[in-house]
Amino acid sequence: MDFTEFSDLYYVEPIFRPPSEGKKSLLVTATVGCSFRCTFCYPYRDKKFSIRKVEDIKRDIQKARTIYGSRVERIFLLDGNAFVMKPKDLIEISKESYLIHPNLQRVSAYAHAKDIIRKSDEELAEIRKAGLNMLYLGIETGDDTLLQKINKRTTAAELAQAAQKLHQAKIILSGTIILGLAGSDPDASRKHAIATAKLINAMNPKQTQEWYISALTLMIPPGTPLEKDLRSGVFKPLDHTGVLRELQQILLHSSDDLHGCIFRSNHASNYLALKGILAQDKKALVQAIDKGIENPRYLRPEFTRGL
Ligand code: SF4
């Protein structure tokens, strides 16, 4: 069922959520917009950032029960970095969600690295105990220079720390990296690939635990600072072969000690959809990329790529 299609809850369009939170998740507006301003990101550019009152969020959670009965199994808290909210508020919202929806199994949200590392280990453990059990983290790259360039307002060290804090709290991490983010310069692309692999290695959990790394391929939507750079010639995009070689470099430089890491590149922005577990499927994934480069018919055509 598509919870967004006929929902009567409070939403501020446009609405974005991870593909894995598609039709199965009830979307609840906890925040509007994003408190950050990355140069490539457009969904929240026209939304003034705000945090909703907890009573209003709880009212939506209750309203959903009258609309959907006991069918809600997953809740995704909107918008761009709902995890910026105070721990006590996230705990209250999560507890209310499980209280009201008897079949609920998952509460999740997008987070920025700083939203995670500002919370203590004890606070994260409490949030997990209340049922917020999955977070989507935009990693983008492990290259600090590039992170600064895209105005991510974090570093590779903070991203690694955020991942380890989530593992420790047993909150499932789903991180995304962006292929092509460094543009067409071969040295910049290589630096992005190697630094990203190094960061993924630093995110490896100390104990056996499921975690996700998904690759997206850069899209440059109109109205973003990056689009301005594209139009002025400051930014030159990487072609599809370069993007695939970049992904191959990331995989080749990823550690053979990675465990429990479910890797995917099945997002609509990608040229080649791959899925495997790292490190065990590393060799097969690298070979599949070679096959994709040699046989462009396996690749998603440029005009069908999307966000
Ligand atoms: S933190 Fe995420 S949602 Fe917010 S502007 Fe950056 S990429 Fe967009």
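## Ground rules

Helices (H or I, at least four residues) and strands (E, at least two) are DSSP runs, numbered from the N terminus. This is a predicted model, in which local features need pLDDT of at least 70 and side-chain atom pairs count only at pLDDT 80 or more, while totals for chains, interfaces and linings use all residues. Residues are numbered from 1 along each chain as its sequence is written, and side-chain values use heavy atoms, with hydrogens and water left out.

## An aromatic cluster

Start with the rings. Phe, Tyr and Trp (its six-membered ring) pair if their ring centres lie within 6.5 Å; planes under 30 degrees apart count as stacked, over 60 as edge-to-face and the rest as tilted. The whole structure has four aromatic pairs. One of them joins Phe 76 and Tyr 136: the ring centres are 5.9 Å apart and the planes meet at 70°, so this pair is edge-to-face. Phe 76 belongs to strand β4 (residues 74–78) and Tyr 136 to strand β6 (residues 132–140), so the pair ties together parts that are 60 residues apart in sequence.

Tyr 136 also pairs with Tyr 110. Here the centres are 6.1 Å apart and the planes are at 70°, so the pair is edge-to-face. Tyr 110 sits in strand β5 (residues 106–111) and Tyr 136 in β6, so parts 26 residues apart in sequence are tied together. Phe 76, Tyr 110 and Tyr 136 form one aromatic cluster. Are Phe 76 and Tyr 136 buried or exposed? Both are buried. Buried means under 20% relative accessible area, exposed over 50%, and partly exposed in between (1.4 Å probe, protein chains only). Tyr 136 has 5% relative accessibility, so it counts as buried.

## A charge over a ring

Lys 119 lies over the face of the Phe 83 ring, 4.4 Å from the ring centre. A charge sits over a ring if NZ of Lys or CZ of Arg is within 6 Å of the ring centre and within 35 degrees of the ring normal.

## Helix α9 and its surroundings

Helix α9 covers residues 240–253, 14 residues in all. From first C-alpha to last it reaches 20 Å, close to the 20 Å expected at 1.5 Å a residue. The expected span is 1.5 Å times one less than the number of residues. Buried residues in α9 include Val 243, Leu 244, Leu 247 and Leu 251. An α-helix has 3.6 residues a turn, so residues three or four places apart point the same way.

What covers the buried residues of α9? The cover includes strands β7 (172–179) and β8 (211–217), and helices α7 (186–203) and α10 (282–294). Lys 282 lies in α10. With a relative accessible area of 12%, Lys 282 is buried. Not counting residues up to four places away in sequence, Lys 282 touches Leu 251, Leu 252, Ser 254, Ser 255, Asp 256 and Ile 277. Contact means heavy atoms within 4.5 Å.

## Two buried polar residues

Ser 25 is in strand β1 (residues 25–29). Its relative accessibility is 0%, so Ser 25 counts as buried. The side chain of Ser 25 makes a polar contact with the side chain of Glu 21, at 2.5 Å. A polar contact is a pair of N or O atoms within 3.5 Å; within protein, one must be able to donate a hydrogen and the other to accept it, and residues adjacent in sequence count only if both atoms are side-chain atoms. Leaving aside neighbours within four places in sequence, Ser 25 is in contact with Phe 3, Arg 74 and Phe 76.

Gln 209 lies in the loop between α7 and β8. Gln 209 is buried, with a relative accessible area of 13%. Its side chain reaches the backbone oxygen of His 167 at 3.1 Å.

The peptide bond between Leu 78 and Asp 79 is cis, with omega about 15°. Asp 79 is in the loop between β4 and α2 (87–100). Another cis peptide bond runs from Leu 278 to Ala 279, with omega near 5°. Ala 279 lies in the loop between β10 and α10.

Glu 140 is not a glycine, yet it has a positive phi of about 70°. Glu 140 is in strand β6 and is buried, with a relative accessible area of 5%. Arg 153 also has a positive phi, about 55°, and is not a glycine. Arg 153 lies in the loop between α5 (144–149) and α6 (156–169). At 47% relative accessibility, Arg 153 counts as partly exposed.
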